[in-house]
Amino acid sequence: MKIFRFTPILLILFIAGWSCSPNPRNSFPDNNALSHTPFVPTDNGYKLVWMDSFDGTKLDTTKWSLRGLGSRRIGYNDSSMVKVENGNLLLMYDIKGDSILGAMIGSEGKFETTYGYFECRAELQKSVGPWAAFWMQSPKISEGRDPAEYGVEMDIFEYFNELGPDTLSHALHWAYGPEMQSVGPLKSGLKGLDKGFHTFGFEWTEKNYAFYIDGLKFFEVNEGISKIDQYIILSMEIRDKLEGFKKAVAPDTFKIDYVKVYKK
């Protein structure tokens with residue numbers, strides 16, 4: 001493990017900007033879920049239609065592509081930060097020389113769908129700075145304002161450790177540009193979120209969205225409903241200001257056991 005140290009180049013960037021990180025740590029109860037009865041998709045009319053359990057030693061390129069390689073915010077998405085081993089996908093964050101490295105994969109052009117229950121089982125990163133994300137995107141989101149026609153960025157979860165080790169955030173965004181609309185961030189509290197593996201679920205229907213952790217529903221939203229095919233993204237994200245890396249520890253890893261998609 002290595003603690004982040006500023007090189008002269010990075011120090012100049014750091015002095016020039018301030019963090020756009022989420023709000024400081026918030027206090028949540030041990031569990032602020034709306035429902036404490038676990039949701040099981042197969043008990044609610046859903047059937048498994050697509051999955052990746054990340055067996056083998058490399059990314060299944062029939063299901064995923066490396067996404068956004070190259071410059072991203074103040075760092076880079078790099079292929080070396082994506083590994084498959086011991087039945088897990090590893091999306092990593094590291095610092096090499098003056099470069100901050102992250103990772104992203106997506107199913108664009110390989111698996112896209114409308115509506116369903118989307119789930120991943122994962123272990124979240126440990127440090128403050130980079131953040132793990134499981135989300136869905138529309139290929140048309142920048143083309144218009146109507147979410148039904150042009151789609152929605154669905155942030156199933158983002159894990160900003162500075163909010164607190166037991167806090168997860170969710171959000172929706174559409175109409176990219178100066179008139180962008182958003183719901184959230186919505187913040188879920190669950191004791192022990194920073195320890196071991198958890199399941200993160202998202203139900204998308206014609207009428208609403210629902211966000212789940214370990215089968216428990218935390219939020220339900222009926223705004224900004226997309227009615228077009230969208231694709232899945234998993235990422236280890238990089239900040240846009242160096243202030244956000246003051247307490248970062250590298251390397252760090254977002255570890256994914258599986259991704260599953262259920263449909264009715």
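**Exercise 1: The largest pocket**

Work out how much space lies in the largest pocket of this predicted model, and which residues and strands line it.

*Solution.* Start with the volume: the largest pocket holds about 360 Å³ of space. Keep in mind that we're looking at a predicted model here. Next, go to the lining, which is made up of 21 residues. Look for the ones nearest the pocket's centre, and you'll land on Glu-153, Asp-155, Glu-158, Phe-160 and His-173. At least two lining residues come from each of β11 (131-137), β12 (153-159), β13 (167-174), β14 (181-189) and β18 (230-237).

**Exercise 2: Strand β20 and its partners**

Find out which strands pair with β20, in which sense, and which residues stand opposite each other.

*Solution.* Let's go through the partners one at a time.

- Strand β2 (residues 47-52) pairs with β20 in the antiparallel sense over 5 bridges. In this pairing, look for Leu-48, which stands opposite Tyr-262 of β20.
- Strand β7 (residues 88-96) also runs antiparallel to β20, again with 5 bridges. Here Leu-91 stands opposite Phe-254 of β20.
- Strand β10 (residues 116-123) and β20 make an antiparallel pair with 7 bridges. Tyr-117 stands opposite Tyr-262 of β20.

**Exercise 3: The whole chain**

Describe the protein's secondary structure, burial, contacts and surface.

*Solution.* First, the secondary structure: there are 2 helices and 20 strands. Second, burial: of the 264 residues, 54% are buried. Finally, the surface: the accessible area is about 12,000 Å², and carbon and sulfur atoms account for 51% of that.

**Exercise 4: Where to be careful**

Decide which stretch has a pLDDT below 50, and how to treat it.

*Solution.* Begin with the overall picture: the average pLDDT is 89, and 89% of the residues score at least 70. Then zoom in on residues 1-27, where the pLDDT is below 50. This stretch does have 56 contacts in the model beyond near neighbours in sequence.

Key
Residues are numbered from 1 along each chain as its sequence is written. This is a predicted model: local features need pLDDT of at least 70, side-chain atom pairs count only at pLDDT 80 or more; totals for chains, interfaces and linings use all residues. Side-chain values use heavy atoms; hydrogens and water are left out. Helices (H or I, at least four residues) and strands (E, at least two) are DSSP runs, numbered from the N terminus. Buried means under 20% relative accessible area, exposed over 50%, partly exposed in between (1.4 Å probe, protein chains only). Contact means heavy atoms within 4.5 Å. Accessible areas come from the Shrake-Rupley method with a 1.4 Å probe; for residues, only the protein chains shown count as cover. pLDDT is the predictor's confidence in each residue, from 0 to 100. Two strands pair if DSSP finds at least two bridges between them. On a 1 Å grid over the protein atoms alone, a cavity is a set of points where a 1.4 Å probe fits but cannot get out, and a pocket is an open set with protein on both sides within 12 Å along at least five of seven lines; lining residues have an atom within 4 Å of a point. Grid points are joined across faces, edges and corners, and a volume is the space filled by probe spheres set on the points.
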